[in-house]
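Visitor: I am new to this structure and would like to learn how to read it. Could we start with a pair of helices and then turn to the ligand?

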Amino acid sequence: MTSQQQRFEASIARECAIEPQDWMPDDYRKTLVRQIGQHAHSEVVGMLPEGNWLTRAPTLNRKAILLAKVQDEAGHGLYLYSAAETLGCAREDLYQKMLEGRMKYSSIFNYPTLSWADIPVIGWLVDGAAIVNQVALCRTSYGPYARAMVKICKEESFHQRQGYEACMALAQGSEEQRQMLQDAINRFWWPSLMMFGPNDDNSPNSAKSLAWKIKRHTNDELRQRFVDNTIPQVEMLGMTVPDPALAWDEASGHYRFGEIDWSELNEVIHGRGQCNHERIDAKQKAWERGAWVREAALAYAEKQQRQREHAA
Ligand code: BYC
């Protein structure tokens with residue numbers, strides 16, 4: 001082991017954050033670019049299913065909240081693309097890889113939002129699952145990623161609470177509203193559990209990511225934490241989850257749940273989910289239509305630079 005490698009391993013062991021100027025193994029850098037890049041793409045693709053309901057939110061108040069949430073997701077994408085840039089990769093390159101299907105984004109955003117109840121349920125379950133994963137990432141070993149996560153978690157936590165509050169409004173509403181809520185839970189329950197990734201026996205990246213403290217917990221540990229947190233909330237709403245195997249296990253102090261349909265997750269992450277084409281198509285069009293904004297922003301930045309140089 002070289003002295004650089006020794007210093008790196010010692011920093012990881014001492015829980016010292018690795019910073020952009022520090023030496024790091026190529027594989028550590030690659031793993032971070034992959035995970036932070038996918039995470040950034042998930043945030044911006046995640047704007048689409050929710051954006052679908054902006055014009056149809058049931059009240060002006062709900063519309064204003066949803067608009068703010070969708071904007072927050074764009075901001076999260078920005079923090080994460082910036083964190084990835086500190087590793088030496090251009091934002092445009094990462095984005096192109098996502099558009100070309102060479103980088104992934106979270107499976108959850110390849111499901112359609114069919115009714116208004118999907119929006120509260122996404123806020124509650126999807127942002128709820130995201131927080132469980134992301135609170136752990138606040139202690140990830142790469143400094144810029146950990147710092148981005150602190151800010152993101154505060155906003156995600158607000159999203160989760162507003163989602164649950166909107167679910168509660170439906171749960172206390174008419175029979176039709178309760179049915180709409182139950183239907184949304186039925187469709188989003190299993191895909192939310194899939195957000196945590198394959199089970200530990202089939203997670204090729206986990207061992208290295210855990211050793212480098214990029215990941216702090218395994219996929220299954222976080223999934224279990226999410227189920228344990230969420231089932232009492234489901235009961236509070238007077239709803240159920242579509243899992244006949246769900247049961248409280250007194251001995252372990254955890255809920256036991258049924259087997260996830262891994263073939264479904266596999267299909268979705270390999271581009272064959274219900275909305276994969278639609279999502280990439282929307283992002284491709286947004287990229288093309290936004291060209292003038294990028295050109296204008298660059299021209300403005302160059303003008304500012306020239307003025308600063310002139311003044312100096
Ligand atoms: N979807 O070895 P594994 C949000 C891939 S957005 C797609 O366990 P790893 C929000 C995985 O990438 C939430 N792909 O991998 C936004 C790998 O493929 P590659 C996004 C998945 O990295 C808007 C392969 O399967 N959160 O919060 O150790 C509105 C094998 O998996 C998925 C993050 O991105 C999946 N579900 O663990 C509302 C969190 N699962 O790259 C909310 C950061 C697995 O080898 N990411 N794959 O080709 C992570 O924590 C980890 O990357 C994962 C996977 C737990 C997702």
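Visitor: At what angle do α7 and helix α10 pack?

Guide: In this predicted model, α7 and α10 (residues 219-237) pack at an angle of about 30 degrees, and their axes lie 10 Å apart. Angles under 35 degrees count as roughly parallel, so α7 is roughly parallel to α10.

Visitor: Which residues make the contact of α7 and α10?

Guide: From α7 come Q160, Y164, C167, M168 and A171, while α10 gives Q233, M236 and L237. Sorted by class, the contact of α7 with α10 has six nonpolar and two polar residues, and no charged ones.

Visitor: Now the ligand. Which residues come nearest to the ligand?

Guide: There are 33 residues around the ligand, and Q38, K104, S203, K215 and N219 come nearest. By class, the shell divides into 12 nonpolar, 13 polar and eight charged residues.

Visitor: Which atom of the ligand lies 3.0 Å from a polar side-chain atom of N133?

Guide: That is an oxygen atom of the ligand. With S107, a backbone N or O atom lies 2.9 Å from a nitrogen atom of the ligand. With M194, too, a backbone N or O atom is involved, 3.2 Å from a nitrogen atom of the ligand.

Visitor: How much of the ligand does the protein bury?

Guide: The ligand taken alone exposes 1000 Å², and the protein buries 90% of that.

Visitor: Which elements give two or more residues to the shell around the ligand?

Guide: They are α2 (26-45), α6 (118-137) and α7 (143-171).

How values were computed. Residues are numbered from 1 along each chain as its sequence is written. This is a predicted model: local features need pLDDT of at least 70, side-chain atom pairs count only at pLDDT 80 or more; totals for chains, interfaces and linings use all residues. Side-chain values use heavy atoms; hydrogens and water are left out. A residue is near a molecule or strand if one of its heavy atoms lies within 4 Å of it. A polar contact is a pair of N or O atoms within 3.5 Å; within protein, one must be able to donate a hydrogen and the other to accept it, and residues adjacent in sequence count only if both atoms are side-chain atoms. Accessible areas come from the Shrake-Rupley method with a 1.4 Å probe; for residues, only the protein chains shown count as cover. Helices (H or I, at least four residues) and strands (E, at least two) are DSSP runs, numbered from the N terminus. Ala, Val, Leu, Ile, Met, Phe, Trp, Tyr, Cys and Pro count as nonpolar, Asp, Glu, Lys and Arg as charged, and the others, Gly among them, as polar. Axes are lines fitted to C-alpha atoms, for helices over the stretch in contact, and angles run from 0 to 180 degrees between N-to-C directions. Angles under 35 degrees count as roughly parallel, over 145 as roughly antiparallel, 65 to 115 as roughly perpendicular and the rest as oblique. Contact means heavy atoms within 4.5 Å.
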